[in-house]
Every structure is written in C-alpha cells, then in structure tokens.
Amino acid sequence: MPLKANAVESPSLCPLAIPRFVCDEMLKGLGEWLRVAGYDTRMAISGSEDRRVLAMAVEEDRWLITCDRELLCHRRGPEYTILLESDNLKDQIRELTWRLNLDWLFAPFSRCKRCNTLLEKGALPYSNEQPDPGRAMMRHCPNCRQSFWQGSHVRRMRGRLQAFNQSRRC
Ligand SMILES: [Zn+2]
C-alpha cells in the first residue's frame, strides 16, 4: 500500500519503492512523460467513472494523479490520490516532482510512451527494419510494434528529463 500522499505535510515515498501511476484522462501529457522516464503508468480511459479509476489505483497499488478534487471525497481517495493544483504540464511536472521527489532519470526510454509496455532492444522481429549502423541503438515495443531509434529527439527528451529533475528536493 502506498504512503498517504495527502495525509501528511510533506509526503515522500520510501526511496526503495518504485512508484506506479494512473493518470486521469486530463493528464495524458504528464502520463506520457512518466512513461518516458520509465514509470509504469496507466491512463484512465476517457469517460471512466471516478470510482472505477480509483478502484484500479487501489487494486494495482498505483498513485492516482488528478486535478479533480472530488476524487478525494471517495473512500480511500485521500490515501491513493495525488491532487495537482496546476493546469499546465510544466507546473504539473514541477508539482509532482516536488511532492514525490521523483527521479525523471529513473529508467528513461525503457517503456513505450504509447502503451506502457517495456521496450525490447533491437529491431522489431519479423519486420523489414534493419538496424542502421549510423544510428546508435534501436528498441521496439512488442505490444504495439512501434520502433524507437536513438537520435537527436531522444537527446532532446533526455535534456528535458534532466531539467525536470531540477525540481527535486535533493
Ligand atoms: Zn507500445
């Protein structure tokens, strides 16, 4: 069971615990960045009832990240919900980083941004894609069969993850 985020003054996870998340449907951008950083993050399906999303968080031991204060009114809501005040991605990232002391360089580019599956090294099996020696490394998602190349966009994204870490408390 996760520690209670909203029940203590300055919440922080046990440093040994790797947090897992479910983002409400308004926070898809944040959820994608959590996946890029390597965190197991589910997205609530559009139109899901609050109590169902909360039940998923409880069942799967995930933090439910939301901007919807009403979730705190549900039983077990305060225990599992991280309520963000900000309505823009940059501030949401800063807020979450501060609250959980989140490390955005936990396991970057290890998880599919699109579907949350752990990526595998190398080219997609049974495809015509050939590893290009000019490009450093390739990974693929065994679930949605998307390929990811190491390239300048990855360097840019890594730079952003590093910048997110500037809001950490230590
Ligand atoms: Zn995928």
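Student: How many bridges join strand 6 to strand 7?
Tutor: Three bridges join strand 6 (residues 138-140) to strand 7, and the two run antiparallel. Helices (H or I, at least four residues) and strands (E, at least two) are DSSP runs, numbered from the N terminus. Two strands pair if DSSP finds at least two bridges between them. Please note that this is a predicted model: local features need pLDDT of at least 70, side-chain atom pairs count only at pLDDT 80 or more, and totals for chains, interfaces and linings use all residues. Residues are numbered from 1 along each chain as its sequence is written.

Student: Which residue is the bridge partner of H140 in strand 7?
Tutor: The partner of H140 there is S147.

Student: And what is the strand order in that open sheet of three strands?
Tutor: The order is 5-6-7, with antiparallel pairing. Strand 5 (120-121) and strand 7 (147-149) stand at the edges with a single partner strand each, so one side of each is left without a neighbour in the sheet.

Student: What about the open sheet of four strands: which order does it have?
Tutor: Its order is 2-1-3-4, and the pairing is parallel. Strand 2 (41-43) and strand 4 (81-83) are the edge strands, each pairing on one side only. From one strand to the next, the twist averages 25°.

Student: Which residues stand opposite each other around strand 3?
Tutor: Strand 1 (residues 21-23) pairs with strand 3 (residues 63-66) in the parallel sense over three bridges. There, F21 has W63 as its bridge partner, and V22 stands opposite L64. Strand 3 also pairs with strand 4 in the parallel sense over three bridges, where I65 stands opposite I82.

Student: Are the faces of strand 3 covered or open?
Tutor: Both faces are covered: W63 and I65 on one side, and L64 and T66 on the other, are all buried. A residue is buried if 20 or more other C-beta atoms lie within 10 Å of its own, exposed if 12 or fewer, and partly exposed in between, with C-beta atoms placed from the backbone. Over the protein chain, buried residues make up 29% of the 170 residues.

Student: Now the helices. Which strands does helix 1 lie across?
Tutor: Helix 1 lies across strand 1, strand 2 and strand 3, and runs at about 155° to strand 2. Axes are lines fitted to C-alpha atoms, for helices over the stretch in contact, and angles run from 0 to 180 degrees between N-to-C directions.

Student: At what angle do helix 1 and helix 4 cross?
Tutor: The axes of helix 1 (residues 28-36) and helix 4 (residues 89-100) cross at roughly 55° and come within 10 Å. The two helices are therefore oblique to each other; angles under 35 degrees count as roughly parallel, over 145 as roughly antiparallel, 65 to 115 as roughly perpendicular and the rest as oblique.

Student: Which residues make that contact?
Tutor: G29, L30 and W33 of helix 1 meet L89, Q92 and I93 of helix 4. Two residues are in contact if their C-beta atoms, placed from the backbone, lie within 7 Å.

Student: How far apart are G29 and I93?
Tutor: G29 and I93 are 64 residues apart in sequence and 9.9 Å apart in space, C-alpha to C-alpha. G29 is partly exposed, with 14 other C-beta atoms within 10 Å.
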